[in-house]
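This report is written for a reader new to the structure. Please look over the sequence and the model before reading on.

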Amino acid sequence: QVQLVESGGGLVQPGGSLRLSCAASGSIFSINAMGWYRRAPGKERELVASITSGGSTNYADFVKGRFTISRDNAKNTVYLQMNTLKPEDTAVYYCNCNANSRNWGAYFSHWGQGTQVTVSS
């Protein structure tokens, strides 16, 4: 079993910043990709940003230049620095990782429980 625990969500004013963290634990041998998704009320879940174990990143167009994803491989932790937040960034943010539990084992996708981010004045 792999557990993902997110933290750092909350209420922030437009233009403000938040930093999300997500730590993976449990039966983990290695993690390749880690990422953040979000689901706004009435909308489908969408990719926000992802990062490979080598540090290559991918961002949704709507966050480019405002959000930065990073990870600490030694701690199995991924971060999302969110700057210049807008009301439309309001959503539940979910952490995701692809992990295996043994060498040469298959990778499976795992999800956190989600953390609420609300951008409002």
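## Basis of the report

The model is predicted, so local features are given only where pLDDT is at least 70 and side-chain atom pairs only at pLDDT 80 or more, while totals for chains, interfaces and linings use all residues. Residues are numbered from 1 along each chain as its sequence is written, and side-chain values use heavy atoms, with hydrogens and water left out.

## Overall form

The protein has 11 strands and 0 helices. In sequence order the pattern is β-β-β-β-β-β-β-β-β-β-β. The radius of gyration is 14 Å, close to the 14 Å that the globule rule gives for 121 residues, so the protein is as compact as a globular protein of that length. That radius is taken over C-alpha atoms, and the rule is 2.2 Å times the number of residues to the power 0.38.

Along the principal axes, the C-alpha atoms fill a box of roughly 50 × 25 × 25 Å. Of the contacts between residues at least 6 apart in sequence, 55% join residues at least 24 apart; a contact means heavy atoms within 4.5 Å.

## Surface and charge

Of the 121 residues, 40% are buried. Buried means under 20% relative accessible area, exposed means over 50%, and partly exposed lies in between (1.4 Å probe, protein chains only). The protein exposes about 6400 Å², and carbon and sulfur atoms supply 48% of this area. Accessible areas come from the Shrake-Rupley method with a 1.4 Å probe, and for residues only the protein chains shown count as cover.

There are 11 positive and 7 negative side chains, and the centres of the two sets lie 5 Å apart. Lys and Arg count as positive and Asp and Glu as negative, without His and the chain ends. Each charge is placed at NZ of Lys, CZ of Arg, CG of Asp or CD of Glu.

## Strand S9 and its partners

Strand S4 (residues 30-39) runs antiparallel to S9 and is joined to it by 8 bridges. Two strands count as paired if DSSP finds at least two bridges between them. In this pairing, Arg38 has Tyr93 of S9 as its bridge partner.

S9 also pairs with strand S11 (residues 115-119), in the antiparallel sense and over 3 bridges. Here Ala91 stands opposite Val117 of S11. Strand S10 (residues 108-111) is another antiparallel partner of S9, with 4 bridges. In S10, His110 stands opposite Cys97.

## Residues in loops

Asn76 lies in the loop between strand S7 (67-72) and strand S8 (77-82). Its phi is near 50°, a positive value in a residue other than glycine. Asn76 is partly exposed, with a relative accessible area of 22%. Thr84, in the loop between S8 and S9, has a positive phi of about 50° and is not a glycine either. The relative accessible area of Thr84 is 44%, which is partly exposed.

Lys43 is found in the loop between S4 and strand S5 (46-51). At 57% relative accessibility, Lys43 is exposed.

Definitions and conventions:
Helices (H or I, at least four residues) and strands (E, at least two) are DSSP runs, numbered from the N terminus.
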